[in-house]
Amino acid sequence: MTAAPPGIARDSCPFCGERPRLRWWNYLPSQSGGDIVCNHCGERSCLSVQSGLFGIFVGAICGLGLMFALLKHISPRVAVALGTAVWFVVCGLVVRLTIRLDPPDVR
Ligand SMILES: [Zn+2]
């Protein structure tokens, strides 16, 4: 785990310190990484592994919890669909809250 340089926010570009424009899909963990292109200096950065994994973990707990809670009341197919949707939404929210951008070579 690398510490962010002083004066640079966690969600700012690790190269120039400006905040890159983030799209919603940047908050979903991806295999590729390096998807976030800074619109100030043009360097690529990626979501830190820690916040991505934390998002998946918390999202899984919320999604699976809701799924099992609903299984008794609605059809399993709908419960699984809702649980999966909640998984993605919670994962995106958690990553948004815990976001840190790393240079791609940190991975
Ligand atoms: Zn930059």
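The axes of α1 and α2 approach within 7 Å and cross at roughly 150°, the axes being lines fitted to C-alpha atoms, for helices over the stretch in contact, with angles running from 0 to 180 degrees between N-to-C directions. Helix α1 is therefore roughly antiparallel to α2, a term for angles over 145 degrees. The crossing of α1 and α2 is right-handed, the near helix being turned clockwise from the far one by less than a right angle. The model is predicted; local features require pLDDT of at least 70 and side-chain atom pairs pLDDT 80 or more, whereas totals for chains, interfaces and linings use all residues. Numbering starts from 1 along each chain as its sequence is written.

Helix α1 (residues 49–71) contains 23 residues and spans 32 Å from first to last C-alpha, close to the expected 33 Å (1.5 Å times one less than the number of residues). Its buried residues are Ser51, Gly52, Gly55, Gly59 and Gly63, where buried denotes 20 or more other C-beta atoms within 10 Å of the residue's own, C-beta atoms being placed from the backbone. The elements covering these residues include β2 and α2.

Beyond its neighbours within four places in sequence, Cys13 is in contact with residues including Cys38, His40, Cys41 and Leu101 (C-beta atoms within 7 Å).

Notes: Contact = placed C-beta atoms within 7 Å. Helix = DSSP H or I, 4+ residues; strand = E, 2+ residues; numbered from the N terminus. Buried ≥ 20, exposed ≤ 12 C-beta atoms within 10 Å, placed from the backbone. Parallel < 35°, antiparallel > 145°, perpendicular 65-115°, else oblique.
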